[in-house]
Amino acid sequence: MPMAHPAVLRELVQEYETLELLHARQGKAEVRRRMDDIASTLCVSTGTRDVDAALMAARHRMPGAGVARDSLVAG
């Protein structure tokens, strides 16, 4: 399965994380809708079915990604 370019994945992850913070502060429906759109794009781009798995897969495709990036243990 072809995957999106790491630069595209990085942009999607950054936008999702920014919107996640904005939604936590404001709780606006339009922010949530945009988050859902990006989550769907990430899932399709990474061949996953939920946003957490998509974010993890995308992060592992980014330059400099390592195991510790999504680890529960501080690295």
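In which sense, left-handed or right-handed, does the crossing of α2 past α3 run? In this predicted model, α2 passes α3 in a left-handed crossing. The sections below place that crossing within the rest of the chain.

## Overall architecture

The protein chain contains three helices and zero strands. Along the sequence, these elements follow the pattern α-α-α. Of the 75 residues in the protein chain, 29% are buried. Among contacts with a separation of 6 or more, 45% join residues 24 or more positions apart.

## Helix α1

Helix α1 has 21 residues, which should span 30 Å at 1.5 Å a residue; the end C-alpha atoms of α1 are 30 Å apart, in agreement with that value. The buried residues of this helix are P6, L9, L12, V13, Y16 and L19. They cover an arc of only 155° around the axis and therefore lie on the same side of α1.

The buried residues of α1, by contrast, pack against α2 and α3. Just after α1, G27 adopts a positive phi of about 65°.

## Helix α2

Helix α2 comprises residues 29–46, 18 residues in number, and reaches 26 Å from its first C-alpha to its last, close to the 26 Å expected at 1.5 Å a residue. Its buried residues are V31, M35, I38, A39, L42, C43, S45 and T46. Viewed down the axis of α2, these buried residues fall within an arc of 160°, so they line one face of the helix.

The exposed residues R33 and V44 are found on the face of α2 turned away from its buried side. The packing partners of the buried residues of α2 are α1 (6–26) and α3 (51–61). Just after α2, a positive phi of about 70° occurs at G47.

## Packing of α3 against α2

The axes of α2 and α3 are 9 Å apart, and the two helices pack at an angle of about 60°. That angle makes α2 oblique to α3.

## Packing of α3 against α1

The axes of α1 and α3 come within 9 Å and cross at roughly 135°. Helix α1 is accordingly oblique to α3. The crossing of α1 and α3 is left-handed, as is the passage of α2 past α3.

In this pairing, P6, L9, V13, Y16 and E17 of α1 meet V51, L55, A58, R59 and R61 of α3. P6, L9, V13 and Y16 also belong to the buried set of α1.

## Residue H60

H60 is situated in helix α3. Is this residue buried, partly exposed or exposed? H60 counts as partly exposed because its relative accessibility is 39%. H60 and P6 lie 54 residues apart in sequence, while their C-alpha atoms are 9.1 Å apart in space. P6 is one of the buried residues of α1.

Note on methods: Residues numbered from 1 in each chain as written. Predicted model: local features only at pLDDT ≥ 70, side-chain atom pairs only at ≥ 80, totals over all residues. Heavy atoms only, no water. Helix = DSSP H or I, 4+ residues; strand = E, 2+ residues; numbered from the N terminus. Expected span 1.5 Å × (residues − 1). Buried < 20%, exposed > 50% of the residue type's maximum accessible area, 1.4 Å probe, protein only. Arc of directions from axis to C-beta. Contact = heavy atoms within 4.5 Å. Axes fitted to C-alpha atoms, helices over the stretch in contact; angles between N-to-C directions. Parallel < 35°, antiparallel > 145°, perpendicular 65-115°, else oblique. Left-handed = near helix turned anticlockwise from the far one by under 90°.
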